[in-house]
Amino acid sequence: MTQPDPADDAVIRLFNVSKRFGAKLALSNITLDIRKGEWLYVTGPSGAGKSTLLKLFYLGEKTTSGQVLAFGTNMNRLTAKEVPFLRRRFGIIFQDFKLIPNRNVFENVALVLEARGEPQNMIDKRTRNILRHAGMDKRMEAMPTSLSGGEQQRVAVARAIAGQPDVILADEPTGSLDPKSAEIIIGLLAAYHEKGATVMVATHDRDLLARKKGRIIRLEEGRLVEPEPVNGGRL
Amino acid sequence: MKRHMKRTLKDFTSHAFLHGITVVTIALTILIAGALLLVVENGESVISSWKNGVRIMVYLKGGAASADVEGTGHSLETMGGVAKVSFISRDEALTDLMESMEGQASLFEGLGENPLPDAYEVEVTPEAAEWERVQAMAAAMVKLPAVDEVEYGRSWLARVSRLLKMVELAGIALAGLFFIVALFIVYNTVRLALYSRRDEIEIMQLVGATGGFIKIPLYLAGVLEGAMGSILALFVLFGAYALFASGTGGGADAFELSFLSLGSMGGVFLYGIFVGWFGCFLSLREFMKEASS
């Protein structure tokens with residue numbers, strides 16, 4: 001009986017990827033497979049290249065050399081018109097939430113579906129459902145500035161999953177939150193992960209690694225160092 | 001499109017100050033160009049009314065045979081640029097003269113024989129009422145065998161026509177200049193607005209919004225700003241015109257002012273829309289290039 005090729009269920013594959021900002025080498029020769037449905041932590045100290053790595057997946061940055069394949073598509077060959085459609089397969093969460101300040105909670109989440117041209121009744125229904133799930137249904141009319149950090153991040157998670165993406169990319173999602181809020185955020189992401197989504201969390205918070213099992217990779221000065229066998233995550 | 005329009009209107013209310021500045025900027029530049037257009041249109045209408053009155057008096061030689069008189073009339077009628085030819089006999093001319101100088105009848109006492117010649121009054125078509133053309137027509141008329149003398153006046157018409165042409169040319173040059181100024185200001189205002197919203201645009205891009213989804217409401221906003229700017233400019237221009245017209249008290253008929261024609265107002269409106277759209281197009285093109293680099 002032949003063993004399945006581990007690349008068969010890879011949603012993202014990196015081959016010898018490097019990223020340079022001027023003289024600084026942010027990522028160096030990274031080769032990595034991210035499999036469908038896995039929970040993956042990218043750890044490492046500040047400036048190790050965690051955020052840059054995540055940005056490569058949604059084309060927030062382009063590689064200097066090497067190749068990134070997302071869902072079988074070579075990212076280097078995507079045209080500008082194809083980029084939005086690729087991004088719809090990712091849900092992105094930032095440490096600073098990145099909510100649109102002049103849109104209320106409902107509108108921030110609904111934007112994802114509006115951008116896809118979904119019918120209004122579907123947008124209304126799904127947005128309400130997701131906000132209820134995120135525990136933000138009572139604050140749908142609130143403006144982002146009137147929310148606490150934890151609430152803003154809950155809205156950001158709701159926005160990330162509203163489009164039912166295949167992959168969630170979370171860059172320090174609990175970095176500016178208290179432990180209780182962090183617990184809620186990880187809970188929301190875990191619930192979405194259970195539905196079969198791939199979740200990739202960049203963090204240098206070791207407490208976070210203990211909250212949810214997952215594969216861990218570690219970056220140091222842009223290099224992928226040996227993965228750490230923490231909390232039973234598969235390697 | 002309904003959804004884009006809704007987003008545009010919502011954006012107008014949430015960024016009222018920035019949109020307001022753009023509308024006022026467009027209105028100011030259109031106001032200047034509109035004022036020039038108003039001057040040129042009124043000048044043209046005055047000149048045109050003057051041109052309608054251009055006449056050439058063709059005096060016939062004394063004792064010309066009636067066949068020659070008739071022949072001259074026929075030649076004048078077939079001449080290019082002639083609208084109407086009326087024969088004025090020497091007796092009619094004298095009667096008219098005496099009537100016009102009523103109260104000074106003593107001047108005509110002892111006149112003896114009527115000194116006035118038979119004449120033709122030639123009305124020139126408005127198209128031919130240019131100084132050079134009238135001059136050429138008069139030169140041709142004086143060559144007719146029965147014609148003694150030709151009289152035509154209004155050489156000042158040529159000077160006014162030339163002056164208006166210069167105003168018109170200056171108007172076109174200034175309109176062009178103001179178009180560039182307006183475009184530059186709109187371009188920078190829209191750019192400023194875009195930069196103030198670059199986070200919002202970046203987020204839209206990250207959630208998978210297409211270029212069209214991001215740009216259409218911005219273009220609609222540009223068009224709306226242009227339309228609002230031109231309407232505002234037309235209102236202000238009309239107010240200034242009404243104030244000026246009432247100040248001049250209507251004046252002589254030849255100088256009666258009128259506001260811009262419907263066609264010109266439509267032109268001003270479309271000009272505003274174009275400035276809004278094109279300014280938006282230029283800044284968006286640059287902004288999106290920077291955003292995607």
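At what angle do helix 3 of chain A and helix 4 of chain A pack, and how far apart are their axes? The angle is about 125°, and the axes lie 9 Å apart. This is a predicted model, so everything below should be read as coming from a prediction.

## Helix 3 against helix 4

Who touches whom here? From helix 3 of chain A come Val105(A), Phe106(A), Val109(A), Ala110(A), Leu113(A) and Glu114(A), and they meet Ile123(A), Arg126(A), Thr127(A), Ile130(A) and Leu131(A) of helix 4 of chain A. Sorted by class, the residues of this contact come out as eight nonpolar, one polar and two charged.

## Helix 3 against helix 5

Now for the other partner. Helix 3 of chain A packs with helix 5 (residues 149-162) of chain A at an angle of about 20°, with the axes 8 Å apart. With an angle under 35 degrees, the two helices are therefore roughly parallel to each other. Helix 3 of chain A passes helix 5 of chain A in a right-handed crossing.

On the helix 3 side of chain A, the residues are Val105(A), Asn108(A), Val109(A), Val112(A) and Leu113(A). Facing them in helix 5 of chain A are Val155(A), Ala158(A), Arg159(A) and Ala162(A). This contact divides into seven nonpolar residues, one polar and one charged.

Val105(A), Val109(A) and Leu113(A) turn up in the contact with helix 5 of chain A, and they also turn up in the contact with helix 4 of chain A.

## Where chain A meets chain B

Between the chains, the contact takes 16 residues from chain A and 12 residues from chain B. Two helices of chain A, helix 2 (83-87) and helix 3 (105-115), each supply at least two residues of the side that touches chain B. Helix 3 of chain A gives the most to that side, with four residues. By class, the chain A side has nine nonpolar, two polar and five charged residues.

## How confident is the predictor?

For the complex, the predictor gives an ipTM of 0.85 and a pTM of 0.68. Chain B has a mean pLDDT of 81, with 89% of its residues at 70 or more. One stretch to watch is residues 250-254 of chain B, where the pLDDT is below 50. Beyond near neighbours in sequence, that stretch has five contacts in the model.

Note on methods. Residues numbered from 1 in each chain as written. Chains lettered and ligands numbered in written order. Predicted model: local features only at pLDDT ≥ 70, side-chain atom pairs only at ≥ 80, totals over all residues. Contact = placed C-beta atoms within 7 Å. Nonpolar A, V, L, I, M, F, W, Y, C, P; charged D, E, K, R; others polar. Axes fitted to C-alpha atoms, helices over the stretch in contact; angles between N-to-C directions. Parallel < 35°, antiparallel > 145°, perpendicular 65-115°, else oblique. Left-handed = near helix turned anticlockwise from the far one by under 90°. pLDDT = per-residue confidence, 0-100.
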